[in-house]
Amino acid sequence: MHTVQRLLRLIAVITAISVTASASAATLVVNSSGILTGATGVSINGHLYDVQFLEGTCTTLYSGCDANSDFDFFSNSADAAGAGQALLDQVLIDGPAGNFDTDLSKTYGCTVPGLTSGLCTFLIPTVAGAAGFPTTVLYTTNGASDLADNPSIVSSYPPTLDTTGTFAVYAKFTASTSSVPEPATWAMMLCGFGALGLTFRRSQKISLIRVV
């Protein structure tokens, strides 16, 4: 009985680790020039999203930018703030794929030819104004220094504001197409099942010895 309880507890721990790993393992999208253009499988409030960094205007990128439904997922500042924090924690990071936190030149939309900046702004539209009127936008700043990082600053921009050639870029989120666990998650699961098998075999041996 005690062996079964231990097995159940071990299964619960393995499941929790696997779910956490799969939920937090965003996959960065990097082009052939080593520039970060977005990510897939970004975990925000228990849901997975893909994000693209796009230059242009809200009008062209968000189906007119004149209705809240154009923004799909983050129609209030609280939800958008979660998206901004996810960008800083899961996407704009330094790692094997590149130093996308400290080297702003490696992120799409964060450079201007001939100019440098210690700050890049990611725009996430939340509330549409009437046609031609400013749109409420939450913007997330990523700086070469963490002191400049801020996930949630609310402002208003005209929908025709063009980010091309500026130190700002739209972060457009869509429902994620990532549903398969990351390789690391599969590895942990296999190790866990292996541990379960060993535990079960040992319990059988102990039972046999006691019977004899």
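The structure is a predicted model, in which local features need pLDDT of at least 70 and side-chain atom pairs count only at pLDDT 80 or more, while totals for chains, interfaces and linings use all residues. Residues are numbered from 1 along each chain as its sequence is written, and side-chain values use heavy atoms, with hydrogens and water left out. The chain has 4 helices and 9 strands (DSSP runs numbered from the N terminus, with helices being H or I of at least four residues and strands E of at least two). An open sheet of 7 strands and a largest nonpolar core of 26 residues are the main topics below.

**Overall composition**

- Of the 212 residues in the chain, 34% are buried (under 20% relative accessible area, with exposed meaning over 50% and partly exposed in between, for a 1.4 Å probe and protein chains only).
- Contacts (heavy atoms within 4.5 Å) between residues at least 6 apart in sequence join residues at least 24 apart in 62% of cases.
- The chain has an accessible surface of about 11,400 Å², and carbon and sulfur atoms account for 62% of that surface (Shrake-Rupley method with a 1.4 Å probe; for residues, only the protein chains shown count as cover).

- The open sheet of 7 strands has the order 1-2-3-9-6-7-8, and its pairing is mixed (two strands pair if DSSP finds at least two bridges between them).
- Strand 1 and strand 8 stand at the edges with a single partner strand each, so one side of each has no neighbour in the sheet.
- On average, neighbouring strands of this sheet are turned by 30° against each other, direction ignored (axes are lines fitted to C-alpha atoms, for helices over the stretch in contact, and angles run from 0 to 180 degrees between N-to-C directions).
- Helix 3 packs on the sheet and touches strands 1, 2, 3, 6, 7, 8 and 9; the direction of helix 3 makes about 120° with that of strand 2.

**Strand pairs and hairpins**

- Strand 1 (residues 27-30) pairs with strand 2 in the antiparallel sense over 4 bridges, and Leu-28 stands opposite Ala-39 in strand 2.
- The hairpin of strand 1 and strand 2 has 5 residues between the strands, and Gly-34 takes a positive phi near 80° there.
- Strand 2 and strand 3 run antiparallel and are joined by 5 bridges, with Ser-43 opposite Leu-48 in strand 3.
- In the hairpin of strand 2 and strand 3, 2 residues lie between the strands, and Asn-45 has a positive phi near 50°.
- Strand 2 is largely enclosed by the rest of the structure, because 7 of its 9 residues are buried.
- Strand 3 and strand 9 are antiparallel and share 6 bridges; the bridge partner of Leu-54 in strand 9 is Tyr-170.
- Strand 6 pairs with strand 9 in the parallel sense over 3 bridges, and Leu-123 stands opposite Tyr-170 in strand 9.

**Nonpolar cores**

- In the core of 26 residues, those with the most contacts inside it are Phe-53, Leu-87, Phe-122, Ile-124 and Phe-173 (a nonpolar core is a set of buried Ala, Val, Leu, Ile, Met, Phe, Trp, Tyr and Cys residues joined through side-chain atoms within 4.5 Å).
- Two or more residues of this core come from each of strand 2 (36-44), strand 3 (47-54), helix 3 (77-91), strand 6 (119-127) and strand 9 (168-175).
- Helix 3 gives the most to this core, with 6 residues.
- Neighbours within four places in sequence aside, the contacts of Phe-53 include Leu-36, Leu-87, Val-91, Phe-122 and Val-169.
- Another core lies apart from this one and has 10 residues, including Leu-61, Leu-123, Ala-128 and Tyr-139.

**A buried loop residue**

- Thr-163 is found in the loop between strand 8 (150-157) and strand 9, and it counts as buried because its relative accessibility is 2%.
- Beyond neighbours within four places in sequence, Thr-163 is in contact with residues including Leu-54, Gly-56, Leu-123 and Tyr-170.

**Confidence**

- The chain has a mean pLDDT of 79, with 72% of its residues at 70 or more (pLDDT is the predictor's confidence in each residue, from 0 to 100).
- Residues 10-23 have pLDDT below 50, and this stretch has 15 contacts in the model beyond near neighbours in sequence.
- Where pLDDT is low, the predicted coordinates should not be read in detail.
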